[in-house]
Amino acid sequence: MSAPKKVVLAYSGGLDTSIILKWLQTEYGCEVVTFTADLGQGEELEPARAKAEMLGVSKVYIEDLREEFVRDFVFPMFRANALYEGLYLLGTSIARPLISKRLVEIAAAEGADAVAHGATGKGNDQVRFELAAYALNPDIKVIAPWRLWDLTSRTRLLEFAEQNQIPVAKDKRGEAPFSVDANLLHTSSEGKVLENPSEEAPDYVLQRVVPVEQAPNEPEYIEVSFEKGDAVAINGEAMSPATILTKLNEYGGKHGIGVLDLVENRFVGMKSRGIYETPGGTILLEAHRGIEQITLDSGAGHLKDSIMPRYAELIYNGFWFSPEREMLQALIDKSQEHVTGTVRLKLYKGSARTVARWSDHSLYSEAHVTFEEDAGAYNQEDAKGFIQLNALRLKLLAARNRRLKG
């Protein structure tokens, strides 16, 4: 790859991406534009602007993408009830395509010939960033310094920072206890004290969820309303997508909901242990499944559940902008046409449990399922023929097996 002339860098303002910024300038002698996305990570982002300007960038982009993130990425994913390996709510995975989208768009606007990211060569994020970038612009150059430079240890990184007058926070001079990535959907903690999966994670790892032992001793009830599969209100109050997730995070964090200790299979081939905190997402998933229980036809629901693992895997592996993900999304979105109504949930000591649900679109018929007189809504004699027809092949198999043993 020829040396880039202008690079758009995904920039957090932290030590690693600040080192990357200076490395790009010294290694390639190129112009650098930084892009910092506010995805609800809960940090003040203006210091990132000041640091980028101090390091001599040509332009700084800081954008509040919280609404777009939840509306166009998180909510479509939650319509599918997506869980990677049956457990992980994909909080990091779903943020990467949006960041890549804006990197590529800014590169086009700025006339840049490359984008750069701070993902390491061991993780999944490098795959997600780059697959998304190439899907949106097949000619874009992507620079991944962690795969190129010789700054292979924390000591060498700090030496480079000091040589180039890059501010180093005092708590970064020693080994950081663990690595944290956060957005409005979740917080992910990995590394150091978490690298041995046989050791329980200490409580101080938790960033946004109280330990369940410290959660309130009294339950709290909330109601979440949906329209066509997306949450639109809490306790009857209409809210924007990002506001809803923010509010659900508050409820979940308070009640110790949404902590996951997971050893997952990374796309690049290794196993990785992480602590994920997804308080609002855990409540949202339970509520969405609750409203689907009464509004989604069984055939549609079972088909949707059968494709969910594939859909989740595509997101985890970085294929958000692939045709197969878009095809599955069309199927999922079709299934949500009548997923409208309200769910009441009980929040207590780490759990979010559906306790009631109602909808004008409900398929639930109390007349058919009642144990009392049903006034002819259902003829129980019909079940006899239904069972006989479904038993026919089983009877023929049993007869054949008995004859062969004979």
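Predicted model: local features only at pLDDT ≥ 70, side-chain atom pairs only at ≥ 80, totals over all residues.

Let's begin with the record. UniProt, in an unreviewed entry, places "domain: Arginosuccinate synthase-like N-terminal" at residues 6–167. Over residues 6–167 the chain is 46% helix and 15% strand. The end C-alpha atoms of that stretch are 24 Å apart. The unreviewed entry also places "domain: Arginosuccinate synthase C-terminal" at residues 178–396. Over residues 178–396 the chain is 38% helix and 24% strand. Here the end C-alpha atoms are 61 Å apart.

Now, a quick reminder on sheets. Strands of a sheet pair through backbone hydrogen bonds, and the pairing is either parallel or antiparallel. We have an example of each.

Take the parallel sheet. In what order do its five strands run? The order is E3-E2-E1-E4-E5, and the sheet is open. Strand E3, residues 59–64, and strand E5, residues 141–143, stand at the edges. Each has a single partner strand, so one side of each has no neighbour in the sheet. From one strand to the next, the twist averages 25°.

Zoom in on one pair. Strand E2, residues 31–38, pairs with E3 in the parallel sense, over six bridges. Find Thr34; its bridge partner in E3 is Val60.

Which helices lie on this sheet? Helix H2, residues 46–54, lies across E2 and E3. H2 runs at about 170° to E3. Helix H4 packs on the sheet as well. H4 touches strand E1 (6–10), E2, E3 and strand E4 (114–116). The direction of H4 makes about 155° with that of E1.

H4 covers residues 96–110, and helix H5 covers residues 125–136. They pack at an angle of about 45°, with their axes 8 Å apart. That angle makes H4 oblique to H5. The crossing of H4 past H5 is right-handed. On the H4 side, the contact is made by Arg96, Pro97, Ile99, Ser100, Lys101 and Val104. On the H5 side, look for Asp125, Arg128, Phe129, Ala132, Ala133 and Leu136. By class, the contact of H4 with H5 has seven nonpolar, one polar and four charged residues.

H5 has another partner. Helix H9, residues 298–317, packs against H5 at about 90°, with the axes 8 Å apart. H5 and H9 are therefore roughly perpendicular to each other. From H5, the contact uses Val127, Arg128 and Leu131. From H9, the contact uses Ile315, Tyr316 and Asn317. Those residues divide into four nonpolar, one polar and one charged. Notice Arg128: it is in the contact of H5 with H4, and in the contact of H5 with H9.

Now follow H9 to helix H10, residues 323–335. What angle do H9 and H10 make? The answer is about 145°, with the axes 10 Å apart. Their crossing is left-handed. H9 brings Leu303, Lys304, Ile307, Arg310, Tyr311 and Leu314. H10 brings Glu324, Arg325, Leu328, Gln329, Leu331, Ile332 and Ser335. In this contact of H9 with H10, seven residues are nonpolar, two polar and four charged.

Last stop: the antiparallel sheet. This open sheet has five strands in the order E10-E9-E8-E13-E14. Its edge strands are E10 (237–238) and E14 (351–358), each pairing on one side only.

Look closely at E13, residues 341–348. E13 pairs with E14 in the antiparallel sense over seven bridges. Leu345 has Thr354 of E14 as its bridge partner. Tyr348 stands opposite Ser351 in E14. What do E13 and E14 form together? They form a hairpin, with two residues between them. Lys349 sits in that turn and has a positive phi of about 45°.

Helix H8, residues 279–295, lies across strand E8 (220–227), strand E9 (230–234), E13 and E14. H8 runs at about 30° to E14.

H5 packs with H4 and with H9, and H9 packs with H10. Thanks. Over to you for questions.

Notes: Residues numbered from 1 in each chain as written. Heavy atoms only, no water. Pairing = 2+ DSSP bridges. Helix = DSSP H or I, 4+ residues; strand = E, 2+ residues; numbered from the N terminus. Contact = heavy atoms within 4.5 Å. Axes fitted to C-alpha atoms, helices over the stretch in contact; angles between N-to-C directions. Parallel < 35°, antiparallel > 145°, perpendicular 65-115°, else oblique. Left-handed = near helix turned anticlockwise from the far one by under 90°. Nonpolar A, V, L, I, M, F, W, Y, C, P; charged D, E, K, R; others polar. UniProt positions renumbered as here; feature names shortened; annotations may be inferred.
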